[in-house]
Amino acid sequence: MLNNQLNLNTEIFIPGPEKKSGRDSFGEALLSLGENNPNIVVLGADLMESTRINYFADKFPKRAIQMGIAEQNMIGVAVGLSLEKKIPFAVSHAVFNPSNNWAQIRMGVALSNANVKIVGTHSGFSNGKDGGVAEPFEDISLMRVLPNFTVIEPIDGVQVVKAAKMSASLYGPFYIRISKESTPLITTEDTPFEYGKALVLKEGKDITIVSSGPITYEALLASRELKLKYNIEAEVIASPFIKPLDKETIISSIRKTGKVISLEEHQIEGGLGGALAEVIVEEYPVRMMRLGIKGVFGESGSYEELKDKYGLSGHNIVNKVVTFLKV
Amino acid sequence: MDEKRFRTYCITGDGELQEGQIWEAAMFIPNKKINNLTWIIDRNNIQIDGNTEDVMPLENLREKLESFNWYVIEIDGHNIEEIINSCNMAKSVTQRPTVVIAHTIPGKGVKFMEYKFEWHGKPPNKDQARESLKDLRSLAGKIESI
């Protein structure tokens with residue numbers, strides 16, 4: 001059963017759950033932020049429509065800057081704007097931003113603790129139709145290592161809106177990773193979204209699954225099937241905050257279950273799995289399995305096809321959990 | 001964006017003009033008509049690995065910048081009057097951003113350092129420092145110094 005303290009979407013397991021694309025939610029959130037705060041400015045790099053920042057740019061053309069395909073200069077200009085008390089959102093596909101401009105982010109944003117918000121869209125498999133070259137599986141690792149940054153991967157469109165608003169209201173560098181795909185709305189307006197806090201979506205005693213991003217839905221599907229078919233009770237924790245990681249919630253769950261799995265649409269090295277492993281080894285070592293992309297690039301395919309092929313669909317997770325628990 | 005009327009000065013070296021980011025900005029600034037910006041380039045022709053024209057040539061720098069729609073002024077970067085004049089002239093150019101290519105001699109005033117790229121990124125030792133200061137304070141032996 002879903003945690004009834006969190007006001008989650010109770011219709012999540014009904015076939016054809018309500019879905020929304022992260023980028024659409026983000027575009028709407030940014031527009032609403034812009035209406036309420038004249039200091040919000042937006043920078044795009046030839047992907048303004050694709051990232052939905054055109055919603056903002058159409059309404060506030062003077063506060064939106066088309067940089068052209070120049071992600072490095074985009075960060076330079078964003079830092080300059082932040083020094084003038086603006087709150088710049090530098091937005092492009094996560095496969096370019098951050099990566100083409102990581103040195104500028106490191107030096108200009110992180111080192112000077114500038115109030116710049118970096119948003120990478122089309123995360124993970126969500127750009128699958130454009131093939132391996134366009135599927136970012138490395139961005140969280142790149143951003144998690146930078147001092148001063150907060151790194152968030154919302155689990156659904158509702159959290160995207162909350163993350164965008166939070167980043168605008170708190171001083172400091174943020175990286176927000178957003179999906180292009182329409183994915184199930186797991187949370188609602190009334191679900192808590194606190195800085196650095198994870199959510200126990202579903203309680204269980206046999207194993208803990210920690211997940212970030214929309215792939216969290218697959219963890220929920222897996223936990224339901226594990227209970228129905230195998231009487232295994234998996235606790236599902238959504239951890240949109242990869243940095244800072246909610247050690248308290250995660251460790252207290254692992255103390256109970258004694259086993260943990262990480263799940264992410266990202267390389268397991270340095271991503272959520274890496275972050276979790278670091279914490280667990282230091283604080284409470286238990287057996288761990290990391291699910292995610294394992295040292296390969298993606299390929300062309302639909303979101304559903306790729307999730308399945310790379311072993312991150314609910315039924316794949318079920319099989320892996322069963323095997324893991326047998327050992 | 002706020003239509004503030006200040007003037008921005010940006011000072012760069014020349015070796016770093018080999019970076020892609022510089023040309024992203026060089027394209028961006030004239031395109032967005034940021035004409036209240038003056039860019040000063042210290043054109044000393046050296047970088048860590050050698051002379052710029054040996055490592056990765058920048059010439060014809062003037063033509064490159066003009067073709068990016070900058071107003072280009074070239075000066076003797078050691079002449080204070082020329083520096084002031086060029087900055088004043090830049091203020092009167094309202095149709096385009098201005099770039100001042102300030103030609104300089106690296107290590108100027110210290111005989112054993114002048115024109116030598118080897119001194120781009122290292123400090124002199126104590127004896128060399130003493131000799132350098134003597135050179136600088138006597139204008140390379142032309143005047144008596146204390």
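## Helix pair in chain A

In chain A, helix 8 (residues 247-257) and helix 9 (residues 272-283) have axes that come within 11 Å of each other and cross at roughly 65°; helices (H or I, at least four residues) and strands (E, at least two) are DSSP runs numbered from the N terminus, while axes are lines fitted to C-alpha atoms, for helices over the stretch in contact, with angles running from 0 to 180 degrees between N-to-C directions. Helix 8 of chain A passes helix 9 of chain A in a right-handed crossing, a crossing being right-handed if the near helix is turned clockwise from the far one by less than a right angle, and left-handed if anticlockwise.

Helix 8 of chain A brings A:Lys247, A:Ile250, A:Ile251 and A:Ile254 to this contact, and helix 9 of chain A brings A:Leu276, A:Val279, A:Ile280 and A:Glu283, where two residues are in contact if their C-beta atoms, placed from the backbone, lie within 7 Å. By class these residues are six nonpolar, no polar and two charged (Ala, Val, Leu, Ile, Met, Phe, Trp, Tyr, Cys and Pro count as nonpolar, Asp, Glu, Lys and Arg as charged, and the others, Gly among them, as polar).

## Basis of the model

This is a predicted model, in which local features need pLDDT of at least 70 and side-chain atom pairs count only at pLDDT 80 or more, whereas totals for chains, interfaces and linings use all residues. Residues are numbered from 1 along each chain as its sequence is written, and chains are lettered from A and ligands numbered from 1 in the order in which they are written.

## Sheet of chain B

Chain B holds an open sheet of four strands in the order 1-2-6-5, with parallel pairing (two strands pair if DSSP finds at least two bridges between them). Strand 1 (8-12) and strand 5 (71-76) of chain B are the edge strands, each pairing on one side only, and neighbouring strands of the sheet are turned by 20° against each other on average, direction ignored.

Strand 2 (residues 37-43) and strand 6 (residues 98-103) of chain B pair in the parallel sense over six bridges, and B:Ile41 has B:Ile101 of strand 6 as its bridge partner. Helix 4 (residues 80-92) of chain B packs on the sheet, where it touches strand 2, strand 5 and strand 6 of chain B, and its direction makes about 170° with that of strand 5.

## Domains of chain B

An automatic or database domain assignment gives chain B domain 1 (8-104) and domain 2 (108-146), whose centres, taken over C-alpha atoms, are separated by 27 Å. Seven residues of domain 1 of chain B are in contact with four residues of domain 2 of chain B.
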